[in-house]
Every structure is written in C-alpha cells, then in structure tokens.
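The sequence and model come first, and the description follows.

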Amino acid sequence: REVRTRMKALFSTQPELKGYENFIIWDQGAVIHNSLADLQISGAIGGLFAMLVVFVFLRRFRLTLIVSLSIPFSMLMAVLWLYFMGYSLNLLTLMGLMLAVGMLVDNAIVVSENIERLKTLGLDNRTAAVQGAREVGLAITLATLTTIVVFLPMMLMGNNEMMKLFMRFVGISIIQIGRAS
C-alpha cells in the first residue's frame, strides 16, 4: 500500500516522469498479508490447543499456566535474537517458530514435572525449582542440541537455492527458539 502511495506521489511530482504511466500487473502484498494473518490465527489456535492438551494430561491449572507462559517468553527471546541477527519476521521464520513450539512445550513440561515431583517429596519451592531444573537440565539441553544439529546441515545443504533459503529461515527460527528454551 505504501509503495502505491509513493509511486503516485513520485509520478505526480517528478517532471521527468510526465507522460509515463504506472500500473500494477500483480500485487503480492494482499497475498502476503493474508498468509501472515492465516499463520497468526493458526499459531494462536495451535497455542490454545497445546494448552488444552497440556491441561488434560497434567490436570493441574497452575502447572499448565507455567508451561503456557514459557511459550511467549521463549518466542520473545527468539524474535529478539532474529532481530539482532538481521532477520525479519516473514512467513518462513514464523513457520519455524510455530514448529518449534512443540519442542518448547516438551522442555517446559519435563522441567515442571520434575519440580512438582520434588515438591511432593517435601522440598520447599525454591530448592525444588533449583534442584529440579538441575536434574533434567542436561537431558533437555542435549535433546535441544540434537534438534539444532539436525537443522544445521539442512540449512547448508545442496545446490537448490530455493531449498537453502527455505531451510535457512525455518532452521534459524527453530535454532533460536531452542536456544531461548
């Protein structure tokens, strides 16, 4: 939309462009806008379903809330990393972030369940949180690193430039959300 406005202004103010016409053959802006809106809606619905499934299996509202709050926090951290690395939020990076939410929820559930287990054994909240995170921290770190290691070669693979571009944007998003978790 802004490009159209600027082009109209440019053609009306520049004397060198008098007599020339500007017309749009195909506008991808609406397609991109609709795709991003659909992805946002799908992400929100997916997040709600993830919270519902977590609640059904954990049957504890407080634990479900803690796991659910880890999603936006890690997403924010990943988006900040992407921003400072010079990447933009486009369809591919958003798809990568949506794919990584499952991994993020898994990590949060494992840590939360271990903390709850330690609390039932009689430890106070602070001690249970520190010890619980310490006990499963290595396993979660290795599982996340395994996912990252799988995506690194895919980001660098082959001669197909389109596939490299796709995997770079999706892969970097998954790697960043893995780091944030």
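Is the crossing of H2 and H3 left-handed or right-handed? The crossing of H2 and H3 is right-handed; a crossing is called left-handed if the near helix is turned anticlockwise from the far one by less than a right angle, and right-handed if clockwise. The model is predicted, so local features need pLDDT of at least 70 and side-chain atom pairs count only at pLDDT 80 or more, while totals for chains, interfaces and linings use all residues. Residues are numbered from 1 along each chain as its sequence is written, and side-chain values use heavy atoms, with hydrogens and water left out.

**The H2 and H3 pair**

Helices (H or I, at least four residues) are DSSP runs numbered from the N terminus. H2 and H3 pack at an angle of about 145 degrees, and their axes are 9 Å apart. Axes here are lines fitted to C-alpha atoms, for helices over the stretch in contact, and angles run from 0 to 180 degrees between N-to-C directions. H2 contributes Met51, Val54, Phe55 and Leu58 to the contact, and H3 contributes Phe61, Leu63, Thr64, Val67 and Ser68. Contact means heavy atoms within 4.5 Å. By class, the residues of this contact are seven nonpolar, two polar and no charged. In this division Ala, Val, Leu, Ile, Met, Phe, Trp, Tyr, Cys and Pro count as nonpolar, Asp, Glu, Lys and Arg as charged, and the others, Gly among them, as polar.

Thr64 is placed in helix H3. Not counting residues up to four places away in sequence, Thr64 touches Met51, Val54, Phe55 and Leu58. Thr64 and Leu39 are 25 residues apart in sequence, and their C-alpha atoms are 24 Å apart in space.

**Helix H3 and its cover**

H3 has 24 residues and reaches 35 Å from its first C-alpha to its last, close to the 34 Å expected at 1.5 Å a residue. The expected span is 1.5 Å times one less than the number of residues. The buried residues of H3 are Leu63, Thr64, Val67, Ser68, Ser70, Ile71, Ser74, Met75, Ala78 and Leu82. Buried means under 20% relative accessible area, exposed over 50%, and partly exposed in between (1.4 Å probe, protein chains only). The cover of these buried residues includes H2, H4 and H6. Ser70, in helix H3, is in contact with Leu104 and Ala108, leaving aside its neighbours within four places in sequence. After H3 comes Gly86, whose phi is positive, near 95 degrees.

| Residue | Relative accessibility | Class |
|---|---|---|
| Thr64 | 6% | buried |
| Ser70 | 18% | buried |
| Glu116 | 19% | buried |
| Arg134 | 61% | exposed |

Glu116 belongs to helix H4. Apart from residues up to four places away in sequence, Glu116 touches Arg60 and Leu63. Arg134 lies in helix H5, and its C-alpha atom is separated by 9.9 Å from that of Ile115, 19 residues apart along the chain.

**The nonpolar core**

In soluble globular proteins, nonpolar side chains tend to be buried together. A nonpolar core is a set of buried Ala, Val, Leu, Ile, Met, Phe, Trp, Tyr and Cys residues joined through side-chain atoms within 4.5 Å. The largest one here has 28 residues, of which Ile71, Met75, Leu97, Val105 and Ile177 touch the most other members. Two or more residues come from each of helix H2 (29-58), helix H3 (61-84), helix H4 (91-120), helix H5 (125-156) and helix H6 (161-180). H4 gives the most to this core, with nine residues.

Ile177 is in contact with Ser74, Met75, Ala78, Leu97, Ala100, Met103 and Leu104, leaving aside its neighbours within four places in sequence. Leu92 is found in helix H4. Not counting residues up to four places away in sequence, Leu92 touches Leu165, Phe166, Phe169, Val170 and Ser173. The C-alpha atoms of Leu92 and Val136, 44 residues apart along the chain, are separated by 31 Å.

**Helix H1**

The 12 residues of helix H1 (residues 2-13) should span 16 Å at 1.5 Å a residue, and the end C-alpha atoms are 16 Å apart, which agrees.
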